[in-house]
Amino acid sequence: MPNIISITALSKTYAGGFKALDGINLQIARGEIFALLGPNGAGKTTLIGILCGIVNPSSGQVLVDGHDIVVDYRAARSLIGLVPQELTTDAFETVWNAVSFSRGLFGKPPNPAHIEKILKALTLWGKKDNKIMTLSGGMKRRMMIAKALSHEPQVLFLDEPTAGVDVTLRREMWQLVHELRETGVTIILTTHYIDEAEEMADRVGVINKGQIILVENKAELMRRFGEKQLTLDLQQQLDQLPAGLAEFSLALSDDGLRLTYTYDAQAKHSGITELLQALGDAGIRFKDLHTTQSSLEDIFVNLVRDTP
């Protein structure tokens, strides 16, 4: 698919000398859901701020559907909707007026049918005449999305979209994101809930210390970096691992009743057959076994920890 966002050698150094971004190169395809992950202070907020015209870059180039965000900033900004993490709303305004006003800020002519469509899609139609101050936290979050979609953007940034909302609403928001993608909107998501990225994203980018350290298709990322673990519940307690099992990547639980074997899920040879044979030779019997695989969170933690 063609790229809707193209970032080349993007850097940002603040007045105090802090380098928040260092030579970022990133391409985001039209219509994809892209999750940007990184620890606090990694540069996520600065990168989003630059893309949305809130922060000025120090060097590099960003194109949004071919429009340079500096040279042709009006055209570039009109293609982008931003849902910030903070719930900044016009407390005394009605839902309808606030969303309609946001559309006007981008020079778009009034379009009541579009506003109605958005509010219905976000289950806000029944609240259209309510003042924003009367809405629940979840409804206010939906309000922010409605405002971001009011001018019909092609790219939607969601900065921690489900922070502080309950599990049910999170699931509803995930469904909404998928529905938006079906309409052709490109979604760029930052989140601390890594299961959110695992659930929704097509591709995952990891940023740390101002640099993109990895961009990968989610399925390929799980395949390449995922490990599997075989856990065996023992029939009898072990005080320590027998010397004959030293060649295997085994961990004995503190209570001595469980062995965990970690292996590469993609390796041609897992070593499980040899392990089970060695356990039998050592007289170790087990009553149950099961396997688990690394989550995206496990992979993320390892990538960030290993960044020099």
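Is Arg103 buried or exposed? I looked it up: Arg103 counts as buried because its relative accessibility is 5% (buried is under 20% relative accessible area and exposed over 50%, with a 1.4 Å probe and protein chains only).

I noted that this is a predicted model, where local features need pLDDT of at least 70, side-chain atom pairs count only at pLDDT 80 or more, and totals for chains, interfaces and linings use all residues. Residues are numbered from 1 along each chain as its sequence is written, and side-chain values use heavy atoms, with hydrogens and water left out.

Arg103 sits in helix 3 (residues 95-105); helices here are DSSP runs of H or I with at least four residues, and strands are E runs of at least two, numbered from the N terminus. I found its side chain reaching the backbone oxygen of Pro109 at 2.7 Å.

Next I checked helix 9 (residues 272-281), where the buried residues are Ile272, Leu275, Ala278 and Leu279. They lie on the same side of helix 9 because they cover an arc of only 125° around the axis (taken from the directions from the helix axis to the C-beta atoms). Thr273 and Asp281 are exposed on the other side of helix 9. Just after helix 9, I saw Gly283 with a positive phi of about 75°.

Key. Polar contact = N/O pair within 3.5 Å; in protein donor to acceptor, adjacent residues only side chain to side chain.
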